[in-house]
Amino acid sequence: MPELRLSVPREEDFSSRLRGPEVASRVGLWLGICFAVAFLTGLYSHLAQAAYPVLPLPVRPAWLYRVTQGVHVAAGTAAVPLLLVKLWTVYPKLFVRPPRQRRALLLHGLERGSLGVLVAGAVFQLATGLANASQWYPWTFSFRATHYAVAWLTIGALVVHIGVKLPAITRGLRTDVDDISRDVPGPAASPGLSRRGVLRTTWVAAGLAVLTTAGSSVPLLRRVSVFGVRSGDGPMGVPVNKSARAAGVTASALAVDYALTLSTGDEVRRLSRAELEQLPQRTAVLPIACVEGWSATGTWTGVRVRDLVTLVGGSPDHAVLVTSLQESGPFRQTRLPAGFVADEDTLLALRLDGEPLSVDHGYPCRLIAPNRPGVMQTKWVASLAVET
Ligand SMILES: Nc1nc2c(c(=O)[nH]1)N[C@H]1C(S)=C(S)[C@@H](COP(=O)(O)O)O[C@H]1N2
Ligand SMILES: [Mo]
């Protein structure tokens, strides 16, 4: 009877010539680029969503957030196949026997520890980011705070990893991918997929992942992006993230006695929708750019927020607190920093594409400002309060 032996493989037991530094370094380079891009655009998004941003945020160009957030989601999407291939190329290293000498063991342990943080962090970021972009929230923690904190951990571990591996990375990148002289002879060295083939397949997979989803923010790709979320559906070609019914505002938004409350300190005015229609109107073409990555352009008509501010005796160099009819939820209230208040395209919109707003787009009126994350384009506005 053959002897049954269970044993942990050793690194040398993995003899595929497809794994190794040539492939790992090239895939790793692009994975690193994707993570760096996602980190920087993510940092900007986080900053842009702060009520009191640490730096003054740019109001122009109006499309900036649309681009940075589209790129953020695209970089994360491309990173999924890259990470899978990268992990596959290096996983035999999991079976390296730890060194016996104390100091070497300590260093080994530290390096493995940072790798553990890196791999766990990277998987967590891509999984939660992808779920968020598909509007699936199978968790109870705050997505934004957690994704942000783990981003720092992951980038920190990535910097350590690159520092430790720099010599190996440069060596790997300098080695010819097709060079087979160092291949381990054996059954695995039989002809088949080449290392160049693995790389090509990886690039194609990353490209396809982006192409099939990027239509959410790139109108030209809408038809090829079969997995794109919210591309162009919704009234007037602008998607709806939260409907009036989901926000519990249908009755208050459609109430005949609706009036907008404007205030500066003790000065308060109430304006019905008909009165808002009587004020000078302005039309602006501005995108809604959701933090989840989708975006769409709309032609919005309404009253300039700065005109409303002056109407109540305020000055447009103060911030404005925008409150929705919505009674609860994280987006019921946002702060519009002074730079945005002053811009002449920052509107309390009454119309989209010439038609009165649909209730799902924020009827009776909604905020729309250039270069502002979608979550802060408050719908069903109840009041504007100028900060004093
Ligand atoms: N009051 C309120 N306003 C809101 C939201 C909300 O949940 N409540 N969602 C925001 C989000 S996340 C986005 S992306 C935009 C979407 O606007 P739209 O539905 O008109 O496309 O509205 C924003 N305004
Ligand atoms: Mo959003």
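Which residues line the second largest cavity? The legends below take up this question in a predicted model.

**View 1. Two cavities in the predicted model.**

**View 2. The lining of the second largest cavity.** The residues that line the second largest cavity are Ala62, Tyr65, Arg66, Pro287, Ala289, Ala369, Pro370, Asn371, Arg372 and Gln377. By type, this lining divides into six nonpolar, two polar and two charged residues. At least two of the lining residues are supplied by helix 2 (64-90), and at least two by strand 3 (282-289).

**View 3. The lining of the largest cavity.** Around the largest cavity stand Ala48, Ala50, Pro53, Leu57, Arg335, Pro337, Phe340, Asn371, Arg372, Pro373 and Met376, and these lining residues comprise eight that are nonpolar, one that is polar and two that are charged. Asn371 and Arg372 belong to this lining, and Asn371 and Arg372 are also listed for the second largest cavity.

**View 4. The cavities and the two domains.** The largest cavity lies between domain 1 (11-221) and domain 2 (244-386), because both domains give residues to its lining. The second largest cavity likewise takes lining residues from domain 1 (11-221) and from domain 2 (244-386), and therefore lies between these two domains.

Methods:
Residues numbered from 1 in each chain as written. Chains lettered and ligands numbered in written order. Predicted model: local features only at pLDDT ≥ 70, side-chain atom pairs only at ≥ 80, totals over all residues. Heavy atoms only, no water. 1 Å grid on protein atoms, 1.4 Å probe; cavity = no way out; pocket = protein on both sides within 12 Å on 5 of 7 lines; lining within 4 Å. Nonpolar A, V, L, I, M, F, W, Y, C, P; charged D, E, K, R; others polar. Domains from an automatic or database assignment. Helix = DSSP H or I, 4+ residues; strand = E, 2+ residues; numbered from the N terminus.
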